[in-house]
Each structure stands twice: as C-alpha cells, then as structure tokens.
Amino acid sequence: RSREMAKLTQLIDNEVFRAYATYATIVLLKMMLMSLITAYFRMTRKAFANPEDTASFGKGESAKKYLRIDPDVERVRRGHLNDLENVVPFFGIGLLYALSGPDLYTALLHFRIFAGARITHTFAYLIPLPQPSRGLSWAVGYAVTISMAYKVLMTALHL
Amino acid sequence: RSREMAKLTQLIDNEVFRAYATYATIVLLKMMLMSLITAYFRMTRKAFANPEDTASFGKGESAKKYLRIDPDVERVRRGHLNDLENVVPFFGIGLLYALSGPDLYTALLHFRIFAGARITHTFAYLIPLPQPSRGLSWAVGYAVTISMAYKVLMTALHL
Amino acid sequence: RSREMAKLTQLIDNEVFRAYATYATIVLLKMMLMSLITAYFRMTRKAFANPEDTASFGKGESAKKYLRIDPDVERVRRGHLNDLENVVPFFGIGLLYALSGPDLYTALLHFRIFAGARITHTFAYLIPLPQPSRGLSWAVGYAVTISMAYKVLMTALHL
C-alpha cells in the first residue's frame, strides 16, 4: 500500500498540479466567503428567508416582518451565484487542464489571472464599482476558462 | 495500454481515495435528491415556473393560475441551492485533500462528519427543525471544508 | 521531475479518461454558454438586476425602469441553474466513474447520452418545446448520473 500512496503523492508533488491545487482552493474559499457575507447582511439588515430564522425576534407579526427581501442581501446572493456559475467551470476544466501537461509558466498565468479576476469581480459586485468593472472582471475569468478548455480539447479529444 | 489502466485503478484502490469517492458520491446523490423533492412539491402543490409545465391543466386562465410561487417549493429550492454552495467546495477541496496524502483515519473523520452534517442540514431545512439546528449543521460542514483546505494549502502551496 | 510529468500525462493518455475529459469539458462549456445567453437577453430586453448596470441609460427614474424582471431572462436563468444542479453531479461522479475502471464502450455510452440529454434539455428549455421534452431530457441525464454513481459505489465503497 505504501507504493500506492507514493504514487498519489506524486500527483500533489507535480508543480503544475500543486499550482492548480493552490489556486482552486483559493477561489473555492473565496466563494465560501460569500456565505458568511450573506449571513452578515441577513443579520445586520434583519432580512431572512425562513420563518424559523426569525423566531428569536418574537412571535407572530413582530417576527414576520423580518421575512423580507433586502437589496444588500440580494446583491451578495447574486455575487455568490455568479461565483458558482464561474468557479465550477474553472475547477472542472482547470483540473483537466492541469492533467493535460501544460508548462508551469503558462498554467500559473491562467490560474493567477483567473483568481485575480474573480477577486476583483467580488469587490466590483459588493462595493459596487461602476461598470464595466464587474463586466470586465467577469469576462477575463471567462476567457481564461475558455483558453484552458481549448488546451484540454486539443490534448484529450476523444468523442 | 493495460499498464496505464493498472495505474488508474491504483488511484481507486487507494483507501483514502476510495473513502473520498464513497462520501463524495453520497453527498452528490443527496444533492440530486433535492431535484426529485422539488418536482414532488411542484406537482402536489401545483406550483410551476414555466407555462409549458401547466399545459396539461387546460388552456388560458385555468392553467395560468398554477404559475405561482409556493412556500414549500421555495423551501426545497433554498435547500438545493445551499447544497450547491457547500457540496461544490467539499467536492473540489476534498478531492485535492484526498490527493494530499492525509492518513486514513483523519480523512474518514472529515468525510463522515461532512456527510452527516449535510444530511442533518437537509432534514433541518425540510421538516423544518427550530434553529439553530440548520445553522449548526451548516457550520459543521463549513468547518470541515476549511480544515481540508488548510491541509491542502499546507501540502501543495505553490503561488 | 520529467518522470512525474510522464505519469500525469498517462492519466490524460488513458482512453476512458480522455473521453471523460472531452465530454466533461463540452457540458461545462455548454453551461458557460448560458451566461452569454443571459447577458444577450438582459441587453435586448433591457432588464437588469443591478443599478450600476443601467447607468448608461441615464440617471434617476429613466434608468430605474430597466431594473426589472423579464420572463425571457428568467427562463434562461432557470436553465442555467438547472445546468448547475445537474452538470456538477455529472462532473464529480463522472470523474470518480472514469477512475473506477469502466470499459471504454460503456463509459462512452454514459458520457454521450448525458451530453446529448443536456443539450436537448437546453433547447427544450429555451425554445421552449412542449412537455415532456424538457422533463424527459432531464430524466435521461439524471439516470445516467445515477448509473455512474452505482458503478463508483460498487467499485470504491469504503464507508
């Protein structure tokens, strides 16, 4: 069994794969942060989606008024959903890309630009910055993912 | 080619990876179950989102009244989205964690607690249980994922 | 290090894994396409979710009227979310399935049917086609994923 473990460890010892693991973890953690920001705004804005979440504010009508839509909460939730829509393809296509044998420099370039673009996107969404800040940062991350998908299909194509 | 297959098979023969494969599949199947529960509530509550879904109830106004928001349907949909937001990071970070060479006992502890927390979360959301049941089960799964991310970054960090 | 790279390359040289990489990339790209279609409908229908997105239409009330819900935009967004709910399990369970040593013919059958079902689902949602087109294409993709999960659990089970 120790030989098998060694082989697994080789994957995480590969520099491109380590770079992928690092940036994939960073963008997934950034996406997870959106849950905490949503919770923060729900509590400070007192705007909840479930009756059981407002029970501590009293019973009946006094609690029911906190079952409401708040624009700040909705903004964070849109940012979170946009993360899901973009980080999932990055994670999936990026994993296949990391296994398709890119050179380290090119791979790092892809991973760093994507991570930078998504962090910028979050600031652009939450502050919010005037457009086209959010649109551009979204487009950069999208283009990086397309570029990796192109490399995967060129390397692996088997229809 | 048979040698390559052998190497692939070694990955699935590794005990930590097998444990990961098992629990990742379980939580993904649990997430998929939310689609069936949503469909069940849409049909029993007669609450649909698309005009073509209500065509079997007749034409015009008699069908249009079923294009509506139902609180039970929305509750399942919130649970489903919460699964997406939390199972995606578990799947991604957990895969990298499983490849980072943790010992089997620690890895199983992470995977089992996460799966238990998410199953509890679903019951807490759908029954619903009074808070903080749902909040706590969410937090436990979140903490497990952070713990795995820490191990991945300690092992693989390559910025 | 070159020996490690060689080992990584072997993964992408494996025919089943190459087939997985190809179809996983195709369905992830198809999912990404939903973002562009949403953007297209938001611009042509002039229906936006964020005040900063309508700033180019003027200030005050003249811009505010474009902060609205449009049925065509919402339809694409529902299709996008349905993709997330179904492509994520396919990607995750499919990856583990590809590593569980299925024979190439069976694996290709699973991947091709899933990709075909999800592409059909998108057309059925966006045109829209009368039911049960959308429901059936959804169910086919769902069943393929369950079938792969069964193979993974039979091969890897380690609770």
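## Chain contacts, salt bridges and core of a predicted model

T106(A) is found in helix α5 of chain A; helices here are DSSP runs of H or I with at least four residues, numbered from the N terminus. T106(A) is partly exposed, with a relative accessible area of 27%. In this report, buried means under 20% relative accessible area, exposed means over 50%, and partly exposed is in between (1.4 Å probe, protein chains only).

Residues are numbered from 1 along each chain as its sequence is written, chains are lettered from A and ligands numbered from 1 in the order in which they are written, and side-chain values use heavy atoms, with hydrogens and water left out.

### Single residues

I119(A) also lies in helix α5 (residues 104–126) of chain A. I119(A) is partly exposed, at 35% relative accessible area, and its C-alpha atom is 10.0 Å from that of W138(A), 19 residues apart along the chain.

In chain B, T122(B) is part of helix α5 (residues 104–126). Its relative accessibility is 11%, so T122(B) counts as buried. Leaving aside residues up to four places away in sequence, T122(B) touches K30(B), M34(B) and D83(B), where contact means heavy atoms within 4.5 Å.

M154(C), in helix α6 of chain C, is exposed, with a relative accessible area of 55%. M154(C) and E15(C) are 139 residues apart in sequence, and their C-alpha atoms are 22 Å apart in space.

### Chain A against chain B

The contact takes 40 residues from chain A and 39 residues from chain B. The two chains bury about 3,400 Å² between them, with 68% of it on carbon and sulfur atoms; buried area is the accessible area (1.4 Å probe) lost when two parts are put together, summed over both. Across this interface there are 14 residue pairs in polar contact, both residues at pLDDT 80 or more. A polar contact is a pair of N or O atoms within 3.5 Å; within protein, one must be able to donate a hydrogen and the other to accept it, and residues adjacent in sequence count only if both atoms are side-chain atoms.

On the side of chain A that touches chain B, α1 (2–13), α2 (15–44), α4 (71–98) and α5 each supply at least two residues. The most, 18 residues, come from α2(A).

### Chain C against chain B

Here chain C gives 39 residues and chain B gives 40 residues to the contact. The area buried is about 3,400 Å², of which 68% comes from carbon and sulfur atoms. L96(C), L99(C) and H158(C) supply 19% of the area that chain C buries against chain B, more than any other three residues.

There are 14 residue pairs in polar contact between chain C and chain B. On the chain C side, α1 (2–13), α4 (71–98) and α6 (133–156) give two or more residues, and α4(C) has the largest share, 13 residues.

### Salt bridges

Over all chains, the whole structure holds 21 salt bridges. A salt bridge is a side-chain nitrogen of Lys or Arg within 4 Å of a carboxyl oxygen of Asp or Glu. Three lie between chain A and chain B, and three between chain C and chain B. The table lists some of the pairs.

| Pair | N to O distance |
|---|---|
| R75(C) and E52(B) | 2.8 Å |
| D53(A) and R134(B) | 2.9 Å |
| R75(B) and E52(A) | 2.8 Å |
| R134(C) and D53(B) | 2.9 Å |
| R118(B) and D83(B) | 2.9 Å |

R118(B) and D83(B) are both buried. Salt bridges that share partners join E52(A), D53(A), R75(B) and R134(B) into one network. R134(C) is buried at 12% relative accessibility, and D53(B) is buried at 13%.

### Nonpolar core

A nonpolar core is a set of buried Ala, Val, Leu, Ile, Met, Phe, Trp, Tyr and Cys residues joined through side-chain atoms within 4.5 Å. The largest has 111 residues, among which F17(A), F17(B) and F17(C) touch the most other members. Not counting residues up to four places away in sequence, F17(C) touches L96(A) and L99(A) as well as L11(C), I12(C), L95(C), A98(C) and L99(C).

Note on methods: This is a predicted model: local features need pLDDT of at least 70, side-chain atom pairs count only at pLDDT 80 or more; totals for chains, interfaces and linings use all residues.
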